[in-house]
Amino acid sequence: MGRRRKGDPVHGWLVIDKPAGVTSANIVNQARKILNAAKVGHSGTLDPMATGILPLAFGEATKTVSYMMDGLKEYRFTVKWGEARDTDDAEGAVTQTSNHRPDKNDIEAALGKFTGEIQQVPPIYSAIKVDGERAYKLARDDKPVEMQPRKILVERFNLVDQPDRDHAVLDVRSGKGAYMRGLARDLAVHLGTVGHISALRRTRLGPFGENDAISLDKLEQLRHSAAAADILRPVETALDDIPALAVTEDEARHLRCGQSVSALRVAKRPPLNDISQGAVICAMEEGKLVALARFEGGEIRPFRVLNL
């Protein structure tokens, strides 16, 4: 028999407004202790200096983390012109300087070059693996790190403010895998200078925005109260973009056992009458998520069963 997890079977999503100066892993550990949860993970790591939206997945919600991470993300960051740093943010060492400072017109004209599907070379201080090692570990050990460019989506890139000639505040809406540090670095180079991020805040991830988040202090105040459970969002919150299919008790029983259900039995139920082969479906029994399944070969085939 496997070792039983310590803690309570807590299921759902909790959105923390991460403060600066702590790691995402530290936030996970604190939230686990406060809610005495058996299992918790996070969706989309934030750098220690960054603040903002950090969704935590408890229990069965961990099975939906990949869908949350695929969601669009929104950020606001401040770039400081004139200094390149090895980490591409304020925590790194200065590697290059420049006296040139771009003006508002130049910045706004350049943003279109970084909008849409673009190629980006991730920062060397990142968790991407290079020859089996984390890039940041190689960089810290002063080993050569060659990062390969990747395609990313930048849906929106706007100049918000210029508090002084050395700084610019920008808003970004991006897809999976985009590094704001990389955007700041590349934008500065494009503008004939160098730069790094001096402040970074994530304002949205998938369905979660700033109004959905609470601070760790607030969560601590709710410790041991019924209200602590009330702030959890349903597991299926991460699956808002996936069509839901109502199934019967008998069908749900088969799906929970990993068995397929004939699509003929449910063919006339929405959304099955309007989706294509291979589509992912949320199988729901009386409003409760049973399984993630695919519509394939005339069957509803479960590939991730949830025990709620």
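**Close-up views of a predicted model**

**View 1. Pairing of strands β14 and β16.** Strand β14 (residues 244–246) pairs with β16 in the parallel sense over three bridges; two strands are taken to pair if DSSP finds at least two bridges between them. Helices (H or I, at least four residues) and strands (E, at least two) are DSSP runs, numbered from the N terminus. Ala246 has Met284 of β16 as its bridge partner. Strand β16 (residues 280–285) is mostly covered, with five of its six residues buried; buried denotes under 20% relative accessible area, exposed over 50%, and partly exposed the range in between (1.4 Å probe, protein chains only). The structure is a predicted model, in which local features need pLDDT of at least 70 and side-chain atom pairs count only at pLDDT 80 or more, whereas totals for chains, interfaces and linings use all residues. Residues are numbered from 1 along each chain as its sequence is written, and side-chain values use heavy atoms, with hydrogens and water left out.

**View 2. The hairpin of β16 and β17.** Strand β17 (residues 288–296) pairs with β16 in the antiparallel sense over six bridges. Opposite Met284 stands Leu289 of β17. Two residues lie between the strands of this hairpin, in which Glu286 adopts a positive phi near 50 degrees.

**View 3. The five-stranded open sheet.** The strand order is β14-β16-β17-β18-β15, and the pairing is mixed. Strands β14 and β15 (261–262) stand at the edges with a single partner strand each, so one side of each is left without a neighbour in the sheet. Strand β18 (residues 299–305) and β15 pair in the antiparallel sense over two bridges, and Val261 stands opposite Ile300 in β18.

**View 4. The two cysteines Cys257 and Cys282.** Zero disulfides are found in a search of the whole structure, a disulfide being a pair of cysteine sulfur atoms within 2.5 Å. For Cys257, the nearest cysteine sulfur is that of Cys282, 19 Å away. Cys257 is exposed, with a relative accessible area of 56%. Cys282, likewise in no disulfide, is buried, with a relative accessible area of 2%.

**View 5. Helix α5 and its surroundings.** Helix α5 (residues 180–190) is mostly covered, as eight of its 11 residues are buried. Among the buried residues are Met180, Arg181, Arg185 and Leu187. The buried residues of α5 pack against β4 (73–81), α3 (104–111), β7 (116–120), β10 (150–164), β11 (167–174) and β12 (195–205). After the helix comes Gly192, with a positive phi near 85 degrees.

**View 6. Nonpolar cores.** A nonpolar core is a set of buried Ala, Val, Leu, Ile, Met, Phe, Trp, Tyr and Cys residues joined through side-chain atoms within 4.5 Å. The largest has 45 residues, and those with the most contacts inside it are Phe58, Phe77, Phe157 and Leu170. Another core, of 19 residues, lies apart from it and includes Val15, Ala57, Ala61 and Phe208. Residues touched by Leu170 include Tyr75, Phe77, Ile107, Phe157 and Leu187, not counting residues up to four places away in sequence; contact means heavy atoms within 4.5 Å.

**View 7. The loop residue Lys39.** Lys39 lies in the loop between α1 (24–35) and β2 (40–42). Lys39 is partly exposed, with a relative accessible area of 32%. Lys39 and Ala57 are 18 residues apart in sequence, and their C-alpha to C-alpha distance is 8.3 Å.
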